[in-house]
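Here is a short briefing on one protein chain. Keep the sequence and the 3D view open while you read.

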Amino acid sequence: MRAHFVLSEIGVGLRRNVTMTLAVIVSVALSLALFGGSLLARQQVNSMEDYWYDRVEVSIFLCNANDAESGDPACSRGAVTQEQKDEIEAELLEYDIVEEVYHESAEEAYEHYQEQQQESPIAAVVTPDQMQESFRIKLTDPTKYDVISSAFAGRPGVQSVTDQRSLLENLFNLLNGVNYAAVGLMLLMLVVALLLIVNTVRVSAFSRRRETGIMRLVGASSFYIQLPFILEATIAGLLGAVFACFLLVGVKFFAINNFLAEKIPAIEFIGWDHVLSVLPLILVAGALMPALAAFFALFKYLKV
């Protein structure tokens, strides 16, 4: 009997406040979709950082005759000699943080340049003697670039020491900035959703103040009086969470798997396991957030 009464009160409340309930569902869906999206974006950025930072190299570019003749201060002592190259390579192999050392000759650098810039008109006038020899070093820990830079920058025969990791940092800073913006928008939508929930519960409680007054007179407990309102908010929140889950699944399937993954094959996008791990969090948040908001709203505003 009690369960039947609570269910009937929930139905009455949802029918009386259809418009506001729909607004709650939409706002909860958007805020939770942004919440799940920000979690997945953070995982995607972490995955990309691990993938690309594991493949970045430190490059030691060596002086050639053109560098010395052009007045490059780093190559003022002339082009690199074979003895200097052997000395640099031997020292590199002594470092524990160095995993692999690869020497790229000027001819190999020229071939790679021609492959990469074959459509550029400049490629036709570049000659092999203009290209620089280099050592490409793979580190066990890419963050230890400064160890190599401080040891070899400015040495005879070395034109410059560059770290590919610095080229990626701007990209990851941009991605992190976008993620922070999504989190900020999510928090804004969350505040809107909570305000809507509180307002909806207050309106529903006010419209049924006579019924709740009678329940209080016949000895009903405060929790029993509040339960229909809390469940109404919980149902609306769960519906919003379900829609948020559909949004995330749809974005993963249509936007990522069937579009971005084909257009940008260089990026290894996160899999379905990451998406499925986030969905339970969204459903739990969708149930708890409105329930708690309704409970505190009733605690303060419900007068019977």
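Helix H2 (18-53) gives the most to the lining of the largest pocket, with 9 residues. The model is predicted. The protein chain has 10 helices and 4 strands.

**Largest pocket**
- The space in the largest pocket comes to about 630 Å³.
- Its lining counts 25 residues. Gly 37, Leu 40, Ala 41, Gln 44 and Ile 256 lie nearest the centre of this pocket.
- Helix H7 (164-207) and helix H9 (222-263), like H2, each supply at least two residues of the lining.
- By residue class, the lining of the largest pocket divides into 20 nonpolar, 4 polar and 1 charged.

**Second largest pocket**
- About 290 Å³ of space lies here.
- The lining residues are Glu 57, Phe 61, Glu 104, Ala 109, His 112, Tyr 113, Gln 116, Met 131, Gln 132, Arg 136 and Gln 164.
- Helix H5 (residues 106-116) gives the most to this lining, with 4 residues.
- The lining of the second largest pocket divides into 4 nonpolar, 4 polar and 3 charged residues.

**The sheet**
- The 4 strands form an open sheet, in the order S2-S3-S1-S4, with antiparallel pairing.
- Strand S2 (98-104) and strand S4 (158-163) stand at the edges. Each has a single partner strand, so one side of each is left without a neighbour in the sheet.
- On average, neighbouring strands of the sheet are turned by 15 degrees against each other, direction ignored.
- Helix H6 (residues 145-152) packs on the sheet and touches S1, S2, strand S3 (134-139) and S4. The direction of H6 makes about 170 degrees with that of S4.

**Strand pairs**
- S2 and S3 pair in the antiparallel sense over 6 bridges. Glu 104 stands opposite Ser 134 in S3. Glu 104 also lines the second largest pocket.
- S1 and S3 pair over 4 bridges, again antiparallel. Here Ser 59 stands opposite Arg 136 in S3. Arg 136 is another lining residue of the second largest pocket.
- Strand S1 (residues 58-62) pairs with S4 over 5 bridges, in the antiparallel sense. On this side, Ser 59 stands opposite Thr 162 in S4.

**Strand S3**
- How many of the residues of S3 are buried? The count is 6 of 6, and the strand is mostly covered.
- In a regular strand, side chains alternate between the two faces of the sheet.
- Ser 134, Arg 136 and Lys 138 point one way from S3. Phe 135, Ile 137 and Leu 139 point the other way. All are buried.

**Asn 64**
- Asn 64 lies in the loop between S1 and helix H3 (65-69).
- Is Asn 64 buried or exposed? Its relative accessible area is 10%. The cut-off for buried is under 20%, so Asn 64 counts as buried.
- Leaving aside neighbours within four places in sequence, Asn 64 is in contact with Ala 79, Asp 129, Gln 130, Met 131 and Gln 132. Met 131 and Gln 132 also line the second largest pocket.
- Asn 64 and Ala 79 are 15 residues apart along the chain. Their C-alpha atoms are separated by 4.5 Å.

**Whole chain**
- Along the sequence, the pattern is α-α-β-α-α-β-α-β-α-β-α-α-α-α.
- Of the 304 residues in the protein chain, 38% are buried.
- Among contacts between residues at least 6 apart in sequence, 82% join residues at least 24 apart.

Methods:
Residues numbered from 1 in each chain as written. Predicted model: local features only at pLDDT ≥ 70, side-chain atom pairs only at ≥ 80, totals over all residues. Heavy atoms only, no water. Pairing = 2+ DSSP bridges. Axes fitted to C-alpha atoms, helices over the stretch in contact; angles between N-to-C directions. Contact = heavy atoms within 4.5 Å. 1 Å grid on protein atoms, 1.4 Å probe; cavity = no way out; pocket = protein on both sides within 12 Å on 5 of 7 lines; lining within 4 Å. Points joined across faces, edges and corners; volume = space filled by probe spheres on them. Nonpolar A, V, L, I, M, F, W, Y, C, P; charged D, E, K, R; others polar. Buried < 20%, exposed > 50% of the residue type's maximum accessible area, 1.4 Å probe, protein only.
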